Amino acid sequence: MFHWGSLIVPTGYTHPVLRRIGGNPYGLSLTAPDSGRLTADQIEAARFVGGRIARMAARYVAAGLPSARELWAPGARTDPAAALAAADSRHA
């Protein structure tokens with residue numbers, strides 16, 4: 001993902017449900033039960049992670065940051081790390 005200029009939004013241990021399902025700070029992963037039905041905790045964790053990604057995307061857009069293509073283009077004048085840090089500090 002880094003090769004493509006993707007933004008990584010790790011979960012950390014930011015919600016108790018992540019520990020309950022055996023998650024890790026890098027993201028959400030699980031093995032579905034034999035029944036094929038997810039548990040209530042697994043669904044809650046998926047919703048939490050989806051919401052976290054959506055909030056980060058909204059911050060990115062609200063900050064008026066350039067697209068990934070513009071950000072990583074040869075000769076780009078924007079420092080990606082500085083741009084993201086500035087956006088995060090404005091929307092904390």
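The following conversation concerns a predicted model of a protein.

Me: How many helices and strands does the protein have?
Reply: The predicted model has four helices and zero strands. Read along the sequence, the pattern is α-α-α-α.

Me: Which residues make up the largest nonpolar core?
Reply: That core has six residues, namely V17, L18, I21, A45, F48 and V49.

Me: What is F48 in contact with, leaving aside its neighbours within four places in sequence?
Reply: F48 is then in contact with T14, H15, L18 and R55. Of these, L18 is also listed, like F48, in the largest nonpolar core.

Me: Changing topic: what percentage of the residues count as buried?
Reply: The protein has 92 residues, and 20% of them count as buried.

Me: Which residues form a nonpolar patch on the surface?
Reply: L28, L30, L38 and I43 form such a patch, and together they have about 280 Å² of accessible area.

Me: Where is L38 placed?
Reply: L38 lies in the loop between α1 and α2.

Me: Why does L38 count as partly exposed?
Reply: L38 counts as partly exposed because its relative accessibility is 42%, and that class lies between the cut-offs of 20% for buried and 50% for exposed.

Me: Lastly, what share of the contacts with a separation of 6 or more comes from residues 24 or more positions apart?
Reply: Such residues account for 42% of those contacts in the protein.

How values were computed: Residues numbered from 1 in each chain as written. Predicted model: local features only at pLDDT ≥ 70, side-chain atom pairs only at ≥ 80, totals over all residues. Heavy atoms only, no water. Core = buried A, V, L, I, M, F, W, Y, C linked by side-chain atoms within 4.5 Å. Buried < 20%, exposed > 50% of the residue type's maximum accessible area, 1.4 Å probe, protein only. Contact = heavy atoms within 4.5 Å. Helix = DSSP H or I, 4+ residues; strand = E, 2+ residues; numbered from the N terminus. Patch = residues over 30% accessible without salt bridge, like charges linked within 9 Å, V, L, I, M, F, W, Y side chains within 5 Å. Areas by Shrake-Rupley, 256 points an atom, 1.4 Å probe, with all protein chains shown as cover. Salt bridge = Lys/Arg side-chain N within 4 Å of Asp/Glu carboxyl O.
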